[in-house]
Amino acid sequence: MTTPALLPLSGRRIPTLSPGASSFPHHRATLRLSEKFILLLILSAFITLCFGAFFFLPDNSKHKRFDLGLEDVLIPHIDSPKEGKHASGQVVIHGQGGHDEHRHREEEESLRDKIRADHERALQEAKEKLRKSREELQAEIQTEKNKVMEDMKKKDTGPKPLPPVPMPKVVGVSDGEPPEPDVKEKRDKIREMMKHAWDSYRQYGWGHNELKPLAKKGHSTNIFGNSQLGATIVDALDTLYIMGLHEEFKDGQEWIEQNLDFGVNAEVSVFEVNIRFIGGLLAAYYLSGQEVFKLKAVQLAEKLLPAFNTPTGIPWAMVNLKSGVGRNWGWASAGSSILAEFGTLHMEFVHLTYLTGNPAYYQKVMHIRKLLAKMDRPNGLYPNYLNPRTGRWGQHHTSVGGLGDSFYEYLLKAWLMSDKTDTEARKTYDDAIEAIERHLIRKSNGGLTFIGEWKNGHLERKMGHLACFAGGMFALGADGSPDDKAGHYLQLGAEIAHTCHESYDRTVLKLGPEAFKFDSGLEAVAVRQNEKYYILRPEVIETYWYMWRFTHDPKYRQWGWEAAQAIDKYCRVSGGFSGVKDVYSSNPTYDDVQQSFFLAETLKYLYLLFSSDDLMPLESWVFNTEAHPLPVLHLGNITLPGSEPAQR
């Protein structure tokens, strides 16, 4: 799962100075000036200062002129009974006679004394400099040069090195070649699709966040702000690595080392940047062991922390990377933050605390969990909107699709990632799923199990493509579910997978719409024109992969192959892959966007579907909501900084 239900909007750009474009060489050139020339410059400055001191030392005649200029002296005075504003904004104190006049004279005399003392001190310093020998002046120059060099070295070293921590054991990060020749052939086709998507981006959109494959140029959306942050590069790295495309991976790494700069004046989505950038960088670090990815992830995480500066600690949806100013989406209910956004930080932030030793990240996400635990939940359901100022729910709209989805996913995955020691997260997940099953999950007249949306006190019989991830989630959480219900939840996952496959199979293109209804005789079919699009989303294929891993039922590979063929047939263009606007039309129009999550998720899940189970085994890896794999933390008796043993 990736975004809330809204489509990305168009973005903005500003040029940025990359880390590689340092001003360091200019400093070195300055230091290469001859010492003789520097000496002359200093002597000239001292002589000028001397003459200036003689000219500007106040005398009696200057005092008189000075007095005349103080009728409207521009010095603010809080106690003045009359004050006004000039157009320039300066506060003007008007003469009042009597007591005020006496006070003004004292202020003027004090000002004159200060000016005289400053000039005399400057003159004395100049005389002392002129008395020094050439050797003494050269020594002073050398001292200044050394100081400048030291300052530059400090700046050049960048951030402090992170504390050494034991690297989690990483297993199954490559190969996974299936024994069956026909399955291997399909896997090779998925790798070829990835190479086409990457090479097209490399040629036409390099450094931009995403690609317009028809226009063959870069593309950006408001979720990434107005800067070229190379979202596709960061999002695709681990997929490239897992597929064995190491030259492409190296190109991406070099761009990140030389160009990825977070010190830009850009307002970004905290949620999207966390799951795509921090998740992507952490996964690339764990897979490859390259330190640059860890350092970049930590640099970015520090930029996100100001978003938590709210009265409740519930973060803003957006934050400016430069100023740290946060705000929420204008369309969100009464200035609310969104459940899926502030609830989808736990995995990445726990790993940040593990890698840095900084407890702030862990504490931020645990604070969110504790706050939610104290709140009343209507029918046991979590509404999608929460006001970060008041700590109250917004409108009572609950969804397992857009706006809610990955909150539930991260409760389960927090437990899995903790080596199943975070029992609090598991209990919260189980309670939430029980309420969802009671109030949101229904069977259609045609026998299709679907997850509706709770709105204004009633169930809307509509399911979004984003909610199709839940089939995989139910299967992933089956083992460890209470009351011996593992078989029940595995079956529920299979039913959701079947329903979502039907949403694909009932279209002309064999690709699923953004949302589909279950009423008025229509089932698993989109009704509105603005719900008929497919933007290369991964959720249905994600569920196919999880169901394959847990059941090895061959239909999941068959369904996945049908989707892969449809994508290759209807979404592939010469400049990459594009979403389509109507999956029920035999002549679809393109939206001309190659989403970064297509490379991060859709193609990765397809590749894993046609690989053997020893590639990225689920006992060792937990995938974040952008399909970036993070290792299970076998912490044993170790507690994270700032955590309490009872919570782990």
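**Notebook: a look through the predicted model**

I started with confidence. The protein chain has a mean pLDDT of 84, and 77% of its residues reach 70 or more. I kept in mind that this is a predicted model. Over residues 53–97 the pLDDT is below 50, and beyond near neighbours in sequence the stretch has 52 contacts in the model. Residues 1–35 also stay under 50 in pLDDT. For residues 1–35 I noted 84 contacts beyond four places in sequence.

**Helix H8**

I moved on to helix H8, which covers residues 246–259. H8 has 14 residues. From first C-alpha to last, H8 reaches 20 Å, close to the 20 Å expected at 1.5 Å a residue. Which residues of H8 are buried? I listed Glu248, Phe249, Gly252, Gln253, Trp255 and Ile256. Then I looked down the axis of H8. The buried residues fall within an arc of 160 degrees, so they line one face of the helix. I recalled a general rule here. An α-helix has 3.6 residues a turn, so residues three or four places apart point the same way. What do the buried residues of H8 pack against? I found four names: helix H6 (181–204), helix H7 (231–242), helix H9 (270–288) and helix H10 (291–304).

**Ser481**

Ser481 sits between helix H16 (470–476) and helix H17 (486–505). Is Ser481 buried or exposed? Its relative accessibility is 11%, so Ser481 counts as buried, the cut-off being under 20%. I checked its polar partners next. The side chain of Ser481 reaches the backbone oxygen of Ala478 at 2.7 Å. A polar atom of that side chain also lies 3.3 Å from the backbone nitrogen of Ala486. Leaving out residues up to four places away in sequence, Ser481 touches Arg426, Ala486 and Tyr489.

**Strands**

I turned to the open sheet. Three strands form it in the order E10-E13-E14, with antiparallel pairing. Strand E10 (397–398) and strand E14 (458–460) are the edges, and each pairs on one side only. Strand E13 (residues 453–455) is joined to E14 by three bridges. I traced one of the pairs: Lys455 has His458 in E14 as its bridge partner.

My last stop was a hairpin. Strand E16 (residues 515–519) and strand E17 (residues 522–525) run antiparallel, joined by three bridges. Phe518 has Glu523 in E17 as its bridge partner. How many residues lie between E16 and E17? I found two. Ser520 is in the turn, with a positive phi of about 55 degrees.

Note on methods. Residues are numbered from 1 along each chain as its sequence is written. This is a predicted model: local features need pLDDT of at least 70, side-chain atom pairs count only at pLDDT 80 or more; totals for chains, interfaces and linings use all residues. Side-chain values use heavy atoms; hydrogens and water are left out. Two strands pair if DSSP finds at least two bridges between them. pLDDT is the predictor's confidence in each residue, from 0 to 100. Contact means heavy atoms within 4.5 Å. The expected span of a helix is 1.5 Å times one less than its number of residues. Buried means under 20% relative accessible area, exposed over 50%, partly exposed in between (1.4 Å probe, protein chains only). The arc is that of the directions from the helix axis to the C-beta atoms. A polar contact is a pair of N or O atoms within 3.5 Å; within protein, one must be able to donate a hydrogen and the other to accept it, and residues adjacent in sequence count only if both atoms are side-chain atoms.
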